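User: Could you take a close look at one part of this model for me, the biggest pocket, and then at the aromatic contacts too?

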Amino acid sequence: MATNWQDPAAVDLMLDECETWAVVGLSGDTSRTAYSIASLLQQRGKRIVPVHPDAPTVLGEQGYASLADVPFPVDVVDVFRRSEAAGQFADEAVQVGARGVWFQLGVVDEAAFGRTTAAGLAMVMDTCPAIEWRKR
């Protein structure tokens, strides 16, 4: 059974209806893709929440060491981690009550996709908000 990891309905939900994006792996390193995508999210009117063990303030937003430390609801958990480390953040997204999970380009974890969608969250994998906005 083929799974659509880039279901247009899930992409639309997150890009159009979700406002607060926790960006896992976001640091102040401007050369990293997470930084440029977080900046794009802000330009598109989204609130970004850096999630990084060092909890840096990035792009004017206070960072948190983990998703569980974020003291307000997040809509989307956007994961910039290698595939083998990404699944735990999908599980944490379910635990914190997020509406969706976004695994960036090259990040795929089929088991996490199954668990997350079974829990009722929208999820996309192996794409980027910048790519999806350009398709529109």
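Analyst: The largest pocket comes to about 550 Å³, a pocket being an open set of points on a 1 Å grid over the protein atoms alone where a 1.4 Å probe fits, with protein on both sides within 12 Å along at least five of seven lines. The volume is the space filled by probe spheres set on those points, which are joined across faces, edges and corners. Lining residues have an atom within 4 Å of a point; there are 26, and Val24, Gly25, Arg32, Phe80 and Arg81 lie closest to the centre.

This is a predicted model, so local features need pLDDT of at least 70 and side-chain atom pairs 80 or more, while totals for chains, interfaces and linings use all residues. Numbering starts from 1 along each chain, and side-chain values use heavy atoms, without hydrogens or water.

Helix 3 (83-96) gives the most to the lining, 4 residues; helices here are DSSP runs of H or I, at least four residues, and strands are E runs of at least two.

Now the aromatics: Trp21 and Trp102 make a tilted pair, 5.7 Å centre to centre with 45° between the planes. Rings pair if their centres lie within 6.5 Å, with planes under 30 degrees apart stacked, over 60 edge-to-face and the rest tilted. Trp21 sits in strand 1 and Trp102 in strand 4, so the pair ties together parts 81 residues apart in sequence. Both Trp21 and Trp102 are buried, meaning under 20% relative accessible area with a 1.4 Å probe, protein chains only.

Tyr64 and Phe72 pair edge-to-face, at 6.2 Å and 80°.

Notes:
Rings of Phe, Tyr and Trp (its six-membered ring) pair if their centres lie within 6.5 Å; planes under 30 degrees apart count as stacked, over 60 as edge-to-face and the rest as tilted. Buried means under 20% relative accessible area, exposed over 50%, partly exposed in between (1.4 Å probe, protein chains only).
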